[in-house]
Amino acid sequence: MSVSPTPSRPEDWWKSAVVYQVYVRSFADADGDGTGDLAGVRSRLPYLRDLGVDALWLTPFYRSPMVDGGYDVADYRDVDPIFGTLDDFDTMITDAHALGLRIIVDIVPNHTSDAHPWFVAALASPPGSAERDRYLFRDGRGADGELPPNDWESIFGGPAWTRVPDGQWYLHLFDPAQPDLNWRHPEVRAEFEDVLRFWLDRGVDGFRIDVAHGMIKADGLPDVGDSVPAGQRQVELLGRARLPYFDQDEVHDIYRAWRPILDSYPGGRMAVAEAWAETPQRLARYVGPDELHQAFNFDFLDATWSADSFRKVVDTALAESAIVGAPTTWVLSNHDKQRHVTRYGDGALGLRRARAAALLMLALPGSVYLYQGEELGLPEVLDLPDELRQDPAFRRTGESRDGCRVPLPWSGDVPPYGFGPVGGAPAWLPAPPTWRALSVAAQTGAPDSTLELYRAALRLRREQTAPAGGSTEPAGVTWLEGEPGVLAFSRPAAGVAELVCVVNFGAEPVSVDGYGTPILRSQPPGPADDPARLATDTAGWFIRPVTG
């Protein structure tokens, strides 16, 4: 893979940015009601600046009944009272910009809340009305229309259709409280273009587009039928099956209309897609100079713990980025996925691997998306009481994403560990007793802590992979030979040097001779360890001069 420098124009900030995902409900609670809020985000901005990230991605904070954690939006132009006010947002973004932090906000265009004024009006209007045409209402099948219009299933389990009292059905690919919009309706398209401008005018630097591949459904809403084998009919938001409600060609018309809006604002306003397609070529269509800037690389998140798995994912992602001429993205965890500390193994093993994976990810060219708490080494909370779980999928499937959404531990020895003010309400989800040792306060200044590892890695990433030149080509890596089970690559560093990243996935320590001068390890060598060798399930960074 050829190597090229990262572009250095300020408007291209997103091409190499480290973006920190803030799940607003669980980040910081300023008013003591047990739920995180925008004032809480504002109060912790210095922490994020000092951590070394470039931008924040805020999950939805809009007015919402909170059936799906805010991804059921009732008003796209206002802040829900549990999160604060528009003034709170304006103050927060002003402070963020003053600290050199950019702000990306979620936009949820596939569906609204059933409390949105449009859907309330649709239910109050007759079949065939203009109000219903903004959504996907259809007559049912069967003698009396008692059967759903087709065989589509909800991502959250069960049918994707709900019947209303007058006999018609409406489509919801997620919860019944999240009716899908009809994106072939010009009023829907005009509305969201105006929503983009509303937030751009308030200074947001970009958008994360929820279900970016789902807004257009195939003409006629055909059955899935036999297009997916019977044993593979489980509905996935991010799967590779060819489905009539995902990745339809017409969806690209939407983004070709959005890009000029983004480009009309100064400072490099951008958009990143939560999208999946059946082939790399189809996914690449979402990214380009006339559509979106980035799409999440979920293959990296799903890689198994092996050198071969990660090598394949990195090669594929870099090849895809070359197709569109834009850097790829890297992500290990998010609000919809079990935390990678837990995915990689139990207890200390999972944390050890997670720390190594962090160095691997942060050494790669492109942009990185960190999920709040991964810098603390937080594991998934697996034993939440059922009565406290709020994920709508739990009620329909028994599976829950709440375990990765437990509020962050900031300080103290007892829950909620500084999440809210002293004397405030309990956090909306409880943190386990073991988290007292994982709080920001407990880890700050502790040289071997996960927090200090992230701080060091982010500082070195900024120093050693400083933008150079003016290339518009996406950067790549050069793979290096190593022992079995070792993944090693180099990329340009600041000056006449290169950064080398080595990850030992094997069962035995390996020599690091020849890789250069060590600058960081995911796990410090123990008293009995040979510092000239890299222990199993660990990673190291090295600097060496460019030769030849």
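I began with strand 2 (residues 55-58) and strand 5, which run parallel and are joined by 4 bridges. I note here that this is a predicted model, and that every entry below was read from it.

Looking up one of these pairings, I found that A55 has R102 in strand 5 as its bridge partner. I then turned to strand 9 (residues 206-209), which pairs with strand 5 in the parallel sense, again over 4 bridges; here I104 has G206 in strand 9 as its bridge partner. I also checked the burial of strand 5 (residues 102-107), and since 5 of its 6 residues are buried, I recorded the strand as largely enclosed by the rest of the structure.

My next entry concerns V195, which I located in helix 5 (residues 186-201). Its relative accessibility is 2%, so I count V195 as buried. Leaving aside residues up to four places away in sequence, I found V195 touching Y76, R77 and I107. For I107, which lies 88 residues from V195 along the chain, I noted a separation of 8.9 Å between the two C-alpha atoms.

Finally I looked up how helix 5 packs with helix 6 (residues 251-263), and found an angle of about 30 degrees with the axes 11 Å apart. On the helix 5 side I listed R189, F192, E193, L196, R197 and L200, which meet D253, I254, A257, W258, I261 and L262 in helix 6. Sorting the residues of this contact, I have 8 nonpolar, no polar and 4 charged.

Conventions. Residues numbered from 1 in each chain as written. Predicted model: local features only at pLDDT ≥ 70, side-chain atom pairs only at ≥ 80, totals over all residues. Heavy atoms only, no water. Helix = DSSP H or I, 4+ residues; strand = E, 2+ residues; numbered from the N terminus. Buried < 20%, exposed > 50% of the residue type's maximum accessible area, 1.4 Å probe, protein only. Contact = heavy atoms within 4.5 Å. Axes fitted to C-alpha atoms, helices over the stretch in contact; angles between N-to-C directions. Nonpolar A, V, L, I, M, F, W, Y, C, P; charged D, E, K, R; others polar. Pairing = 2+ DSSP bridges.
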